[in-house]
Structures are given as structure tokens and as C-alpha cells.
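Hi there,

Here is the structure I promised to pass on. Have a look at it first, and my notes follow below.

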Amino acid sequence: MQSITNPRLQTTLTENEARAIFDEVNDIWAQAGIRFELEAIDSLQALDLASKRWYIKDRDWVKKAIPTDQFSPTAIDMCFVKDMGPNGFFYGEPVVVCENPEFHKVSGGADNPVARVTAHELGHVLFLQHRQERTNLMASGKNGISLNPQEIKNARKRALEILGQLPQP
């Protein structure tokens, strides 16, 4: 996302960096046999909002700044922002990821925190819930990347639903 008036919304990621993030996201999701394809990378201009007040939750403020009329009708939209309180969020369109996430390292976890947060938020798109097992992809504030067999099954089922296909037994 781009913003002249709100530097916290102004991403510094380049197109090449975004593509590299998705390469790593797909490495993480390979354990489930799921791959996310980039349809397009566009520059989205944030709506001009008053600067965030201390009592407004970051995710609410960020969500209000996103011009939803520019979303793709056939894709999962994603916005990268420079700085916000949570590492990322997904409450329906779009997925929003902070390019400076805070996390705690775990053994065997992801090296790139932005790719890990992106993969985590895409887990929410696939209806996975938070888990606090430290090495799990769906653990909050960690860099874990593992998924258990039930999460893999559920994520595959939801991915097929999104593609408009019936899940295989």
C-alpha cells in the first residue's frame, strides 16, 4: 500500500521482494500441497485518514484506509503496510501484513518474518484458527511453520472450495 500522508501505511517492499516473499510462503505451504499464485502486484493508494489516535486499534484504522473498491473479484487481495500494531490480520478481504513484524524465534521456524506472517494470515483465509503450539504456523507472534495433519486436511478442503472444486475424500 502507498500513502503520502501516513508513513505507517507506506510499504517499502519492492515488487521483487513481494515475489520473494511469496516464494517463501509457497515453501511453507508445500507441506500441505498448497500453492498461492500471484495474479498481479499493484500499487494501492491508501485513503487519506487522520493520523491514528492512541485509542484506535491499529487494525481498525488500517482497514479504514484500504480502498476496497479496487479489490480483484477473483483473487485474494493482500496489502503490505510499513507499520501497525498486529503483525497481520484477516477479517475477510483483504489480508493485511506488516512489513516489520514482531515475533519470537523458535527452532526450525521461518527465517523471513514477513513471509511467515503472510503464510500465517493465508492460513486464516483457509479457515485455520490460532494455535499456541510454538512451532505451529498458526501460533501468534512466533516464527513456527509446522502444520498438523488435521490442519493440512482442513486447509486443502478450504483451498478446493475457494477454487470452486469439490474436495476429494
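Phenylalanine 90 stands opposite valine 95 in E3. Please keep in mind that this is a predicted model. E2 and strand E3 (residues 95–98) run antiparallel and are joined by 3 bridges. They belong to an open sheet of 3 strands in the order E1-E3-E2, with mixed pairing. At its edges are strand E1 (78–81) and strand E2 (88–90), each of which pairs on one side only. From one strand to the next, the twist averages 15 degrees. Helix H3 (residues 113–125) lies across E1, E2 and E3, and runs at about 160 degrees to E3.

I also went through the salt bridges, of which the structure holds 8. One of them joins the side chains of arginine 8 and aspartate 83, at 3.4 Å from N to O. This pair links distant parts of the chain, 75 residues apart: arginine 8 sits in the segment before helix H1 (15–29), and aspartate 83 in the loop between E1 and E2.

Another salt bridge pairs lysine 82 with glutamate 99, with the closest N and O atoms 3.7 Å apart. Here the loop between E1 and E2, holding lysine 82, is linked to the loop between E3 and H3, holding glutamate 99. Lysine 82 counts as partly exposed because its relative accessibility is 27%, whereas glutamate 99, at 9%, counts as buried.

Finally, arginine 158 forms a salt bridge with glutamate 161. The two are 3 residues apart in helix H4 (residues 149–162), so about one helical turn separates them.

Best wishes

Key:
Residues are numbered from 1 along each chain as its sequence is written. This is a predicted model: local features need pLDDT of at least 70, side-chain atom pairs count only at pLDDT 80 or more; totals for chains, interfaces and linings use all residues. Side-chain values use heavy atoms; hydrogens and water are left out. Two strands pair if DSSP finds at least two bridges between them. Helices (H or I, at least four residues) and strands (E, at least two) are DSSP runs, numbered from the N terminus. Axes are lines fitted to C-alpha atoms, for helices over the stretch in contact, and angles run from 0 to 180 degrees between N-to-C directions. Contact means heavy atoms within 4.5 Å. A salt bridge is a side-chain nitrogen of Lys or Arg within 4 Å of a carboxyl oxygen of Asp or Glu. Buried means under 20% relative accessible area, exposed over 50%, partly exposed in between (1.4 Å probe, protein chains only).
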